[in-house]
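Hi everyone, thanks for making time this morning. I'd like to walk you through one protein, step by step. Please have a look at it first.

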Amino acid sequence: MDALVQFLRARIEEDNHAYAYVAQTFGREALLDSHLPMLDLIDMLARDYPAMDPADTRNAGLIYAIRVLAQSYAEHPAYQQEWRP
């Protein structure tokens, strides 16, 4: 699971860099309908996972959510099929 979390956080970082480039090139107005708030929420989930006690009843739901969110990057060469939910 740690590899999946690292993968997801790396993709989020790449997306954030892409949005920064768009903002710098075209102005902040270009980001009005962006997914930046969603990326921040996904990153919060990925940061919460290592801190969560495996015995916590929410752990299974968090793992499933991370798998589902990472699936949007399934075309990335580093994505591993065993991560599918």
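Predicted model: local features only at pLDDT ≥ 70, side-chain atom pairs only at ≥ 80, totals over all residues.

Take Leu41 as our example. Leu41 sits in helix H2, which covers residues 36–51.

Now let's step back to the whole protein. How many helices and strands are there? The protein has three helices and zero strands, and reading along the sequence gives you the pattern α-α-α. If you put a box around the C-alpha atoms along the principal axes, that box is roughly 45 × 25 × 15 Å. Of the 85 residues, 29% are buried. The accessible surface comes to about 5,900 Å², and carbon and sulfur atoms hold 55% of that. There is also a contact figure: among contacts with a separation of 6 or more, 51% are between residues 24 or more positions apart.

Next, the charges. The protein carries 7 positive and 13 negative side chains, and the centres of these two sets lie 2 Å apart. The count of salt bridges comes to four, and I'll show you some of them.

Start with Arg11 and Glu14, whose side chains meet in a salt bridge at 2.9 Å, N to O. Why are they about one helical turn apart? Because these two residues are three residues apart in helix H1, which runs over residues 2–26. Are the two partners buried or exposed? Arg11 is buried, with 9% relative accessibility, while Glu14 is partly exposed at 42%.

Another salt bridge joins Arg47 and Asp43, with the closest N and O atoms 3.2 Å apart. Arg47 is partly exposed at 43% relative accessibility, and Asp43 is buried with a relative accessible area of 17%. These two residues are also part of a network of salt bridges, which links Arg9, Asp43 and Arg47.

One more pair: Asp56 and Arg58 meet through their side chains in a salt bridge of 2.8 Å, N to O. Asp56 counts as partly exposed, with 22% relative accessibility. Arg58 has 56%, so this residue counts as exposed, because the cut-off for exposed is over 50%.

Let me finish with Asn59. Where is Asn59 found? It is in helix H3, residues 59–70. Its relative accessible area is 10%, so Asn59 is buried, because buried means under 20%. What does Asn59 touch, if we leave out residues up to four places away in sequence? The list is Tyr49, Met52, Asp53 and Pro54.

How values were computed: Residues numbered from 1 in each chain as written. Heavy atoms only, no water. Helix = DSSP H or I, 4+ residues; strand = E, 2+ residues; numbered from the N terminus. Buried < 20%, exposed > 50% of the residue type's maximum accessible area, 1.4 Å probe, protein only. Contact = heavy atoms within 4.5 Å. Areas by Shrake-Rupley, 256 points an atom, 1.4 Å probe, with all protein chains shown as cover. Lys, Arg positive; Asp, Glu negative; His and termini not counted. Charge placed at Lys NZ, Arg CZ, Asp CG, Glu CD.
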